[in-house]
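Subject: A structure for you to look at

Hi,

Here is the structure I promised to pass on to you. Have a look at it first, and then read on for what was found in it.

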Amino acid sequence: MSIIFLPALLTVVLAFYRWDGISDPTFIGFGNFEKLWGDRIFWKALKNNIIWTALFLTFPIAIGLIAASLLMLVRRGRTFFQVVYFLPMIIATVITARIWQGMIYNPQSGIVAMLNRYGYDVRDPLSQTSTALYGVAVADLWHWWGFMAVIFFAAMRQVSQEQIESARIEGANYFQLMRWVMIPAIMPTIALMMVMTVIWSFLVFDFIFIMTQGGPAFTSEVLSTMAYRKAFYELGVGYAAATALVISLFGLTAAFFYIRLQNREEAE
Amino acid sequence: MNLVESRITIIITYALLGIAAFTALFPIALMLLNSLKTTPEIALSPLGMPEVPYWNNYVNAWKGANFTRTFFNSGVLMFMTIALVLSTGSLTAYVLARKKIKSWKIVTVYLLATTTAPIQLFLFPLYFGFAKLGLINNIFAVSIVYCAIFSPFSIMLLRTYFLAVPKELEEAALVDGATSWQVFSKVYLPLVWPGLLTVSLIVGLYTWNEFLIATTFLQGPESRTAVVSYFLLSGQYSRDWGDLMAGAMLVSAPIVILFIFLQRRFIEGITGGSIKG
């Protein structure tokens with residue numbers, strides 16, 4: 001408890017100081033937050049976090065739901081597909097990032113290079129200011145959707161067989177069954193995953209730090225990479241603490257909704 | 001939905017599932033394939049088969065990332081973290097499973113708050129505090145940090161296993177004159193070991209793969225973990241993709257092999273808690 005709680009409190013305190021990590025901290029009140037408000041990169045990072053959240057609220061959840069519902073249709077190979085879909089999830093981020101950078105996006109030796117040779121004009125998305133964030137998001141998405149699929153599949157298997165059968169007898173096709181039986185039945189799980197997605201999206205660090213360091217020209221910067229850079233490369237620990245507080249604010253808001261969601265369920 | 005589907009539906013379903021599986025496996029296959037090719041071969045085409053398997057990549061990667069040392073570090077860190085999480089987590093879970101709902105609510109909120117709080121929130125003071133105490137590059141200190149981070153979810157998961165043990169067993173043991181400790185160690189532990197195994201696997205996986213804390217707290221060449229060392233290797237010689245893919249294979253191999261053998265436990269552990277049963 002003390003490992004997390006005490007430093008977290010210290011961070012809250014530090015957010016009101018100017019500190020380089022070495023000399024004595026100076027109290028500056030809301031100075032760090034005022035500076036954040038006027039910081040162009042902060043707004044860029046916040047916008048990127050919001051884009052990231054939107055991307056991960058839609059694609060992995062949609063793909064996960066489709067894959068899970070398809071798995072429900074088959075009898076053989078369920079375990080095999082689950083294991084395969086889950087495999088990317090257990091590989092270290094550093095490795096996933098390097099595979100995408102070196103084998104796929106690389107303009108000298110990756111799939112991108114191969115497409116160039118066949119005459120398709122594709123570029124390394126990580127080197128372009130307009131696409132860097134999306135380039136990283138695709139790699140993260142690749143490792144992430146299988147997790148959603150496995151979770152939704154586990155939830156769908158708990159839907160009562162009778163409900164499904166009666167819908168079938170009434171002549172519901174696959175899409176109707178999904179729309180009116182399966183999705184409503186697993187809604188609590190979907191809602192929980194959406195709340196967690198919001199939290200995780202504001203925490204995203206590894207993929208961006210490893211693949212682009214927030215570049216080029218801060219176009220893929222998110223709040224967590226910005227805070228890390230400020231604290232360890234630019235010796236602005238107080239400023240970084242203020243940024244971390246802003247991240248926590250989003251996380252806490254999402255957590256608040258999560259608790260409300262749970263309470264409502266328990267009341268039902 | 002174990003109802004009879006038309007043949008066409010089944011074929012389309014398998015085709016779609018197959019495409020998804022291909023997407024999941026394609027980058028992994030690229031890693032495997034190119035780990036056995038020389039740099040000119042990779043530049044020629046990432047999809048081509050290696051003429052002769054070029055095992056030298058593995059030797060280079062092993063030396064370049066100093067895996068003899070860093071694998072050892074990762075292993076020590078992993079076992080220390082698992083031991084810490086299991087010893088503190090199982091006791092806490094046992095107490096929580098046998099307590100009244102009221103305190104459970106508060107603990108849940110705390111556990112939830114710690115899982116949703118960003119690592120950055122406690123990272124900076126922790127780093128400078130550790131630096132003052134001379135704990136940077138100390139593997140044991142980092143395993144305590146991991147224990148603090150992984151405990152909440154481990155406790156939640158273990159609690160469900162403890163709850164599944166019938167209360168009568170505990171009562172019977174108490175009637176026979178067993179102490180609390182004996183009840184815990186002789187009655188519960190033998191019954192909840194699947195839960196302990198699941199938690200060990202997940203904590204082991206996360207510890208092995210963890211990057212942010214490892215790269216911040218373990219910077220010295222003698223205390224780096226395999227993942228951090230691989231990260232630095234790929235920064236240094238970012239052109240030699242054959243070596244890098246071989247290194248990637250080496251770092252992921254232990255995890256992937258373990259996952260394939262114990263996939264049910266892994267999936268159960270990682271998805272557990274997210275689904276209400």
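Let me start with one spot between the two chains: a polar atom of the side chain of B:Tyr14 lies 2.8 Å from the backbone oxygen of A:Arg76. B:Tyr14 sits in helix α1 of chain B (helices are DSSP runs of H or I with at least four residues, strands are runs of E with at least two, and both are numbered from the N terminus). Leaving out residues up to four places away in sequence, B:Tyr14 touches A:Val74, A:Arg75, A:Arg76 and A:Phe81, where contact means heavy atoms within 4.5 Å. With a relative accessibility of 29%, B:Tyr14 counts as partly exposed; buried means under 20% relative accessible area, exposed means over 50%, and partly exposed is in between, with a 1.4 Å probe and protein chains only.

Some ground rules before we go further. This is a predicted model, in which local features need pLDDT of at least 70 and side-chain atom pairs count only at pLDDT 80 or more, while totals for chains, interfaces and linings use all residues. Residues are numbered from 1 along each chain as its sequence is written, chains are lettered from A and ligands numbered from 1 in the order in which they are written, and side-chain values use heavy atoms, with hydrogens and water left out.

How confident is the predictor? For the complex, the predictor gives an ipTM of 0.87 and a pTM of 0.88. Chain B has an average pLDDT of 85, and 92% of the residues score at least 70; pLDDT is the predictor's confidence in each residue, from 0 to 100. Where pLDDT is low, the predicted coordinates should not be read in detail.

Now for the interface. Chain A brings 91 residues to the contact and chain B brings 76 residues. Together the two chains bury about 7600 Å², with 77% of it on carbon and sulfur atoms; buried area is the accessible area (1.4 Å probe) that two parts lose on being put together, summed over both. On the side of chain B that touches chain A, helix α1 (residues 7–34) of chain B gives the most, with 17 residues. By class, that side of chain B has 53 nonpolar, 20 polar and three charged residues (Ala, Val, Leu, Ile, Met, Phe, Trp, Tyr, Cys and Pro count as nonpolar, Asp, Glu, Lys and Arg as charged, and the others, Gly among them, as polar).

How many residue pairs are in polar contact across the interface of chain B and chain A? The rule finds eight, both residues being at pLDDT 80 or more. A polar contact is a pair of N or O atoms within 3.5 Å; within protein, one must be able to donate a hydrogen and the other to accept it, and residues adjacent in sequence count only if both atoms are side-chain atoms.

A:Gln101 touches A:Asn106, A:Leu126, A:Ile210, A:Met211 and B:Trp241, not counting residues up to four places away in sequence. A:Gln101 counts as buried, at 15% relative accessibility.

Next, salt bridges. Side chains of opposite charge can pair when their charged atoms come close. The rule used here asks for a side-chain nitrogen of Lys or Arg within 4 Å of a carboxyl oxygen of Asp or Glu. Over all chains the count comes to six salt bridges, but between chain B and chain A it is zero.

In chain B, B:Glu268 forms a salt bridge with B:Arg264, with the closest N and O atoms 3.9 Å apart. Both lie in helix α13 (residues 263–271) of chain B, four residues apart, about one turn of the helix. B:Arg264 is exposed, with a relative accessible area of 55%, whereas B:Glu268 is partly exposed at 31%.

In chain A, salt bridges that share partners join A:Glu221, A:Arg229, A:Lys230 and A:Glu234 into one network. A:Glu234 pairs with A:Arg229, the closest N and O atoms being 2.7 Å apart, and with A:Lys230, where they are 3.1 Å apart. A:Arg229 is buried at 12%, and A:Lys230 is buried at 13%.

Happy exploring!
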